[in-house]
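Colleague: I am new to this structure. Please take a close look at one part of it and describe that part step by step.

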Amino acid sequence: METRILDGQSRIIDVRGIKIGDGYPPVMIAGPCAVENEEQIFQTAIKVKNAGANILRGGVFKPRTSPYVFQGLGKEGLLMMKKIADELDMPIITELMDIGNLELIYEYADILQIGSRNMYNYPLLKALGDVDKPVMLKRGMSATINEWILAAEYIAAHGNTKIILCERGIRSFETYTRNTLDLSAVPIMKEKTGLPIIVDPSHGTGRRELIKPMSKAALACGADGLMIEVHIQPDKALSDAQQSIDTEHFKQIMSEIIPFCNPL
Ligand code: PEP
Ligand code: MN
């Protein structure tokens, strides 16, 4: 495997003053799977911020398995998220699904998220090379460590080294969980690439009762942060209801993870 840029030297990513990477406290990214309406994103944002979240997440272009379910609010949702994020002075992260929306997402988001389904989308990865904002590259659900490293190298090779990795679980023979969260990827990817890595226990397990223990485990093995799906009424969420937690549950996790931060 050939990497020319990502050589294992530690890189720190700065998101509007929030530093992500070695030597910095874990960054907490929280918010709904999808932005659904103003009330939902406003309430969620205020509560996760009060609980200690640093960055607000919310999908507006959703990569749904079925074409017949909620696909996201698009630009309208992005504007809603931006409005509350500005009021709370929180950076935002949202998924870029296709090159056609690059300018739009670039204009409003502080971190551009590349979803699991697009990790192999090489034209999209190349296009991100021209971008001067951080990109969060989620692991493809069937990607090997080497494929994931080279996907990151695509972005770096085209000019953008502001890359944050995100382990979000891989498909395995196990069906009890939605994916198998591969925490061994955390120390491996940090050592091989030097890039910061965030763990997403929500997609990584698909089950809300596993978010807290896997959050602790992720931080214990050196993750630079977590991304957690939080909803004001999880059972009514229009996407990923089973893995979404309510704001009280998020607050509880925040209070319990402190001993697991920076143990290495
Ligand atoms: C998400 O984080 O909103 C998402 C769709 O995740 P993934 O790409 O990991 O499935
Ligand atoms: Mn989701």
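Modeller: N179 counts as buried, because its relative accessibility is 5% (buried is under 20% relative accessible area, exposed is over 50% and partly exposed lies in between, with a 1.4 Å probe and protein chains only). This is a predicted model, in which local features need pLDDT of at least 70 and side-chain atom pairs count only at pLDDT 80 or more, while totals for chains, interfaces and linings use all residues. Residues are numbered from 1 along each chain as its sequence is written, chains are lettered from A and ligands numbered from 1 in the order in which they are written, and side-chain values use heavy atoms, leaving out hydrogens and water.

N179 sits in the loop between β8 (163–167) and α6 (185–193); helices (H or I, at least four residues) and strands (E, at least two) are DSSP runs numbered from the N terminus. Leaving aside residues up to four places away in sequence, N179 touches R168, G169, I170, R171, H203, G204 and T205, where contact means heavy atoms within 4.5 Å. With H203 there is also a polar contact: a polar side-chain atom of N179 is 2.8 Å from the backbone oxygen of H203. A polar contact is a pair of N or O atoms within 3.5 Å; within protein, one must be able to donate a hydrogen and the other to accept it, and residues adjacent in sequence count only if both atoms are side-chain atoms.

Two of these neighbours, R168 and H203, lead on to ligand 1. The residues around ligand 1 are R57, K62, P63, E95, Q113, G115, S116, R117, K138, R168, H203 and M227, each with a heavy atom within 4 Å of it. Oxygen atoms of ligand 1 lie 2.8 Å from an N or O atom in the side chain of R57, 2.9 Å from a polar side-chain atom of Q113 and 2.6 Å from a side-chain N or O atom of R168. Taken alone, ligand 1 exposes 290 Å², of which the protein buries 97% (areas by the Shrake-Rupley method with a 1.4 Å probe; for residues, only the protein chains shown count as cover).

The space that ligand 1 takes is the largest pocket. On a 1 Å grid over the protein atoms alone, a pocket is an open set of points with protein on both sides within 12 Å along at least five of seven lines, whereas a cavity is a set where a 1.4 Å probe fits but cannot get out; lining residues have an atom within 4 Å of a point. A molecule sits in either if more than half of its atoms lie within 2 Å of its grid points.
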